[in-house]
Amino acid sequence: MYQIIDGKAISTALKEELKEKVTKLAGQGITPCLAVILVGEDPASAVYVNNKKKACEFIGIKSLSYELPESTSEEELLKLIETLNADDSVNGILVQLPLPKQIHEDAVIKAISPKKDVDGFHPESVGALCIGQPGYVSCTPAGIIELLKRSNVEIEGKECVIIGRSNIVGKPMSLLMLRENATVTVCHSRTQKLKEVCKRADILIVAIGKPKMITSEYVKEGAVVIDVGIHRLEGKKLCGDVDFDDVAPHTSAITPVPGGVGPMTIAMLMKNCVESIGFSS
Ligand code: NDP
């Protein structure tokens, strides 16, 4: 029988721990503060931002909200970031992506001070991760490490195959698994014999962005499968990049969608915010 890796329960436990830490900090007169910037009216982004604000409230992190119109120029956004970088009472800055087309995401990511880069997207944060120095780590891959560890999945020495090489999931995921001493293979759209490569994995991490693409043909018997994908099907049901019903019986442990990786992303953002007290001061 396979284990369902319960991201909801694990993220709740993590948020409770963070709440305790923040209460202790409050006793020393310190309150972490996150500035959240939303540009435009993308409904999905508005929901994400709202969930982040709710998580801050639960943990006791102060959140400052900046809701800017769709027509905001890159210059205006960079100016706001500059002001927040210089504000000692702000520990973390988060700009919700995607941004309207007149604004270059790269310029915005680079403008955020690496000391306040709680999303872990700044080149300096990515570089620190690459060479094993302290710094913020992208929340989704960091959340997956937390899921594996708290589910007692051994990583060291295991064959790990990651499908996807995006800057926010696949690449940092590969660095984190390497840091945990896994033997790591990264696959992408040009990988040949994908099924064969995936079948080698003791731990298979899937971040492709294609609903239910991964079937049992890609999975070694007894592997651990982590599904990063999230898609809304017709009828509003959610699914991942993995065909859960087909794959689960062949695994030793698997994350569901919803309730797997998703809840961990926000919990890790909160962890980064609490840790920002040490980084940003
Ligand atoms: P991207 O679209 O940026 O990257 C997808 C990756 O998958 C690329 O590296 C691409 O290869 C690879 N790929 C695409 N098709 C294939 C294929 N047929 N075979 C092998 N590799 C393929 O996506 P993200 O990394 O941003 O996100 C992946 C999924 O995770 C999405 O469903 C997204 O919604 C979800 N997500 C969920 C989060 C959460 O909190 N649960 C957070 C972030 C993302 P190539 O580089 O060659 O194009």
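Helices and strands here are DSSP runs, numbered from the N terminus. The model is predicted.

**Proline 98.** Select the loop between strand E4 (92–95) and helix H4 (105–111), where proline 98 lies. The peptide bond that joins leucine 97 to proline 98 is cis, with omega about 0°.

**Serine 276.** Helix H10 (residues 261–280) contains serine 276. Serine 276 has 1% relative accessibility and counts as buried, because the cut-off for buried is under 20%. Show the backbone oxygen of cysteine 273: a polar side-chain atom of serine 276 lies 2.4 Å from it.

**The ligand.** Select the ligand and its shell of 22 residues; Arg165, Ser166, Ser189, Lys210 and Thr265 are the closest. Helix H10 supplies the largest share of this shell, three residues. By class, the shell residues are 10 nonpolar, 10 polar and two charged.

- from a polar side-chain atom of serine 189 to an oxygen atom of the ligand, 2.5 Å;
- from a polar side-chain atom of serine 166 to an oxygen atom of the ligand, 2.6 Å;
- from an N or O atom in the side chain of lysine 210 to a nitrogen atom of the ligand, 3.0 Å.

The ligand taken alone exposes 930 Å², and the protein buries 70% of that.

**Domains and core.** Colour domain 1 (29–120) and domain 2 (139–262) separately. Their C-alpha centres are 29 Å apart. Now select the largest nonpolar core, which has 51 residues; Ile61, Met177, Ile205 and Met270 have the most contacts inside it. H10 gives the largest share of this core, 10 residues. Where does this core lie relative to domain 1 and domain 2? Both domains give residues to the core, so it lies between them.

**Two positive phi angles.** Asparagine 181 is in the loop between helix H7 (170–179) and strand E6 (183–187). Its phi is positive, about 70°, although asparagine 181 is not a glycine. With a relative accessible area of 43%, asparagine 181 is partly exposed.

Move on to the loop between E6 and helix H8 (194–199), where lysine 193 is found. Phi of lysine 193 is near 50°, again positive in a residue other than glycine. Lysine 193 counts as exposed at 59% relative accessibility.

Key. Residues numbered from 1 in each chain as written. Predicted model: local features only at pLDDT ≥ 70, side-chain atom pairs only at ≥ 80, totals over all residues. Heavy atoms only, no water. Near = heavy atom within 4 Å. Polar contact = N/O pair within 3.5 Å; in protein donor to acceptor, adjacent residues only side chain to side chain. Areas by Shrake-Rupley, 256 points an atom, 1.4 Å probe, with all protein chains shown as cover. Helix = DSSP H or I, 4+ residues; strand = E, 2+ residues; numbered from the N terminus. Nonpolar A, V, L, I, M, F, W, Y, C, P; charged D, E, K, R; others polar. Domains from an automatic or database assignment. Core = buried A, V, L, I, M, F, W, Y, C linked by side-chain atoms within 4.5 Å. Buried < 20%, exposed > 50% of the residue type's maximum accessible area, 1.4 Å probe, protein only.
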